[in-house]
Structure formats: structure tokens, C-alpha cells
Amino acid sequence: MKNTMKQMIQEILKVISKDAIEKIARDVGFIQRQGKLQAWQFLYLCAFSGLDISKNTLVSMSANLHSEIDIEVTTQAIHDRLNDKAVAFLQEIFTRLLNDIALSDSKISTSWDKHFDRIRIVDSTAFQVPEIYKEEYKGSGGSSQPAGVKIQLEYDLKSGKFIHVDVGPGKGNDNTFGSKINKTFKERDLSLRDLGYFSLNDFKDLDAKGASYISRLKPNVAIYVENEDVEYHKNGKIKKSTLYKRIDLSEIAKDIPAGGVLELKEVYIGRIEKRKERLVLYKLTYKQLKERKLKVEKTAKKKGIKKSENTMKLLGITMLITNVDSSIVPNDQIYEIYSLRWQIEILFKTWKSIFTISNVKPVKIERFKCQLYGKLILLILSSSIMFKMRNELLNIEKLEASEIKSARIIKEYIQKIYFDLVNSPLKVYKILLKIYKCIKRNGRKSHRKGKKTFFDILGVSYHHQENACKFAT
């Protein structure tokens with residue numbers, strides 16, 4: 001463990017060290033001459049102090065710097081430092097961390113390794129920001145969302161590597177982002193995508209690259225099968241309009257029992273260019289249907305829209321399309337594999353509830369951006385450590401770590417990790433070892449009866465630990 005931990009520390013030190021931080025600050029023009037507040041101290045303030053830069057007062061920031069670093073900086077000096085050069089500095093730190101931290105040695109061995117090198121999950125999270133930012137961060141629409149931020153994230157489930165992170169306005173289009181990242185796919189990649197990223201052209205492109213996908217199917221997409229009763233013109237040629245006939249999935253689903261699965265192996269999707277797909281229908285249980293109805297009704301009311309009759313008819317089934325052969329993933333496992341997308345929701349939950357990325361108050365926009373990118377720096381570093389710890393706990397103890405519990409534990413140590421990275425790098429390993437022991441003792445996954453975990457679905461070999469649900473957090 002010591003060698004692998006030290007390797008990760010060396011990766012982080014490429015960006016988070018006094019010399020590296022100072023050089024980046026000078027390269028972007030944030031530091032031009034030596035002042036009282038050094039670059040590493042400013043990075044501490046925005047990312048690792050535990051403060052919300054747009055929410056906490058300048059007095060709190062000044063007091064924190066005095067208390068933790070023993071430097072005296074006036075509130076006016078801090079206010080002046082929260083400028084566009086500071087934003088560029090934090091953006092560059094964030095970008096380098098995203099690109100330079102390699103976690104290839106942290107890949108989890110799964111039963112799917114013979115088929116997929118990476119399992120790539122893409123999704124977005126959004127949060128409302130004060131209306132004064134609407135020019136740059138326009139909201140998703142409606143009176144309740146005049147201004148908002150949307151963060152697009154794609155990461156590899158097996159290694160924890162953040163492949164893409166994109167920050168933009170709340171009105172940003174998921175589908176556009178999905179097409180943008182297609183060029184980075186390789187053979188033996190598996191992409192798990194929700195409705196927001198649905199694109200037949202994207203799937204065609206992934207197929208051509210030798211990559212695989214599992215995606216939910218939009219309810220308004222026409223589904224066809226080959227027509228056995230084709231019609232002919234007088235000259236003997238087939239009428240092209242009769243080659244396929246449209247099918248009604250809501251009618252087909254009536255015969256599927258609650259919680260049941262039905263596969264339609266040879267269907268064609270699209271009105272004009274019909275694409276052959278493997279379609280798997282999963283019928284929701286009564287409890288799942290009730291939850292989905294409430295969620296759909298709440299979203300529709302919030303956005304001021306009315307769902308179509310066809311959408312409501314198909315509400316009780318989850319429709320999944322894939323180019324993965326049934327010999328690799330049979331129909332009763334497709335829904336399970338697709339459900340791995342919940343892992344990204346867990347990440348977003350830690351971002352908002354533990355690291356408070358969505359805590360924003362109306363301040364000048366440069367100050368808000370310093371908070372935003374400071375939080376993203378904190379999240380990338382914390383997530384890298386979390387994935388590393390999860391892998392070490394599996395390799396050494398054959399145990400599964402809880403992402404949320406691990407994130408809570410790491411948050412308590414992250415300030416100390418930062419101080420050691422910039423002042424005493426040789427001490428970082430000891431802190432990581434403490435974190436490992438704490439996660440081993442208090443951060444293991446709680447296993448609920450009848451519920452498969454991330455490791456269970458991926459076929460990871462580990463020791464199960466049954467805990468009462470009341471202790472799960």
C-alpha cells in the first residue's frame with residue numbers, strides 16, 4: 001500500500017506543491033510580485049479552508065487566515081484579490097488536477113473486465129444561483145430558475161478517473177455535451193447514458209468505434225419491426241413504406257408482470273433512417289411506478305409543462321437500448337448494469353450535502369467563481385483520495401467502502417493533507433494511512449437485505465458485511 005499511496009502523492013504534487021502553485025499563479029498573471037498573501041495561501045482560502053467564499057464574510061476569511069496560517073490580511077485586500085486573475089488561477093489548478101492525476105493503478109477488477117476496459121457514466125447536476133448572475137449563468141427556464149449553474153461530469157466507474165468536467169449555465173444542453181465527448185471513446189468502452197444524452201447519431205458513432213452503450217429510450221421515439229405483409233407496386237417493386245410496421249410498446253408491456261423483463265431483439269428505431277437495436281423492456285414494480293409518477297409530476301409542475309399522453313402511457317416501463325450482445329449481457333442483467341448510473345448520483349449528493357458546492361449568496365461574480373472553482377478543486381482531490389482508499393480497502397481487506405461515509409471522513413482530513421502537501425510532503429503518507437484506518441473502521445458499506453451494491457453488480461470479489469439499515473448514512 002505504501003508504494004501505491006506514494007505514487008498518488010507524487011501525481012498530486014505535480015499540481016499541489018508550493019513551487020507548482022506559485023508557477024501556475026505567475027503563468028496566469030495572478031501573482032506578479034511577492035505580496036503578503038501568497039498563491040498557496042489563497043488556494044487554501046478558496047478550496048481547503050472549509051469556508052464558502054461567497055457565503056462567509058470577508059471578516060471570517062481574514063480571521064481564518066490569521067488563525068490557521070498566522071498571516072494578517074485585511075478584508076479589503078482579500079476583496080481585491082477575488083478578481084478575474086484569481087478565477088483564471090483557480091481554473092488552471094482545476095484543469096491540471098483533472099488532467100494530471102492518473103488513477104490507472106486504482107482500477108477495480110470486475111467480472112466484466114474481459115469485455116470492457118472502462119465503464120463511462122455521464123450525467124449533470126445543477127443548482128440555482130442568485131439572479132444577478134443570469135447574464136453568464138442563465139437558468140434552465142421558468143420563473144423559479146432565472147439563473148443557475150450546470151456541471152457536466154463523465155467518469156470511469158472502474159478507476160474513478162474524472163474524464164470530463166464541464167461548467168456552464170443551467171440552460172446547457174446535455175445532448176450537446178454527449179456528442180462533444182464522443183470523439184474520446186475507444187474500443188471496449190461502455191457508455192451508460194440517460195435520456196438527456198439520447199442521440200441515434202451518437203450511438204451510431206460509438207458503434208463504429210467498437211464502443212458499447214446502454215441507454216434509456218425516449219418515449220416519443222418510433223419503434224418498428226419488419227413487416228411480414230409487404231405491399232408491392234404494379235411494376236413488382238416493394239412499397240418502401242410497407243417494409244416496416246410500427247409497434248405500440250404500451251400494449252406489449254401489458255403482458256409483462258411487475259418487475260419483469262422482455263427483450264425485443266430486432267427492432268428498428270427512427271422514422272427516416274431506421275437503426276437496428278436490441279431493446280429491453282423492464283416493467284416497474286408498483287412502488288417504483290408510484291415514485292416515478294410523483295417525480296414526473298413534480299418536474300412537470302416546476303417547469304410549467306404538460307407531459308404527452310404517450311409519455312404517460314409508457315411511464316410504467318423502463319426502455320433500454322444497447323449494442324451489447326445478449327451473450328455478454330443477458331436481458332435480465334441489462335437493467336442492473338444500467339442502474340450503476342446511481343453511482344454518479346451518489347457523487348453529486350456528496351458534492352452538495354458534504355462539500356456544499358451549491359451554497360451561494362449574491363456577491364460580485366469573480367468572488368462567486370472563486371468559490372465555484374475552489375470547490376471543484378476540493379472535490380477532485382477528495383474524490384481521487386476516496387477512490388484510492390476504496391481500492392486499497394478492497395485489495396488488502398476485501399471490503400467495500402461507502403462513498404458517502406468515505407467522503408465525510410476525508411473532508412475532516414483534507415485541510416491537513418493540503419498543509420502537508422505544500423509544507424511537508426513526506427508527512428502526507430501518514431495522513432493517508434490514518435484515513436485508510438478510519439475508513440476501514442467506520443466507512444464500510446452497509447449492505448441491505450435484497451439490495452445489490454456496486455461491487456455485487458460488477459461481480460467484484462469481496463467480504464460482505466451485513467449492517468442494520470438504521471446505521472447506514
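Tyr213 counts as buried, at 0% relative accessibility (buried means under 20% relative accessible area, exposed over 50%, partly exposed in between, with a 1.4 Å probe and protein chains only). Phe203 is also buried, with a relative accessible area of 0%. The model is predicted: local features need pLDDT of at least 70, side-chain atom pairs count only at pLDDT 80 or more, and totals for chains, interfaces and linings use all residues. Residues are numbered from 1 along each chain as its sequence is written, and side-chain values use heavy atoms, with hydrogens and water left out.

The structure holds 19 aromatic pairs. Rings of Phe, Tyr and Trp (its six-membered ring) pair if their centres lie within 6.5 Å; planes under 30 degrees apart count as stacked, over 60 as edge-to-face and the rest as tilted. Phe203 and Tyr213 are stacked, because their ring centres are 4.6 Å apart and their planes stand at 20°. This pair links distant parts of the chain. Phe203 belongs to helix α8 (residues 200–209) and Tyr213, ten residues apart from it, to strand β5 (residues 212–216). Helices (H or I, at least four residues) and strands (E, at least two) are DSSP runs, numbered from the N terminus. Elsewhere, ring pairs join Tyr155, Phe162, Phe348, Trp351 and Phe387 into a cluster.

Charges also sit over rings (NZ of Lys or CZ of Arg within 6 Å of the ring centre and within 35 degrees of the ring normal). Arg81 lies over the face of Phe30, 4.3 Å from the ring centre. Lys274 lies over the face of Tyr224, at 4.5 Å from the ring centre.

The axes of helix α3 (residues 39–48) and helix α6 (residues 84–100) come within 11 Å and cross at roughly 80°. Axes are lines fitted to C-alpha atoms, for helices over the stretch in contact, and angles run from 0 to 180 degrees between N-to-C directions. Helix α3 is therefore roughly perpendicular to α6 (65 to 115 degrees; under 35 is roughly parallel, over 145 roughly antiparallel, the rest oblique). Ala39, Phe42, Leu43 and Cys46 of α3 meet Ala86, Phe89, Leu90 and Ile93 of α6, contact meaning heavy atoms within 4.5 Å. The contact residues comprise eight nonpolar, no polar and no charged (Ala, Val, Leu, Ile, Met, Phe, Trp, Tyr, Cys and Pro count as nonpolar, Asp, Glu, Lys and Arg as charged, and the others, Gly among them, as polar).

Asp420 is placed in helix α15 (residues 403–423). Asp420 is buried, with a relative accessible area of 5%. Not counting residues up to four places away in sequence, Asp420 touches Pro425, Lys427, Val428 and Ile431.
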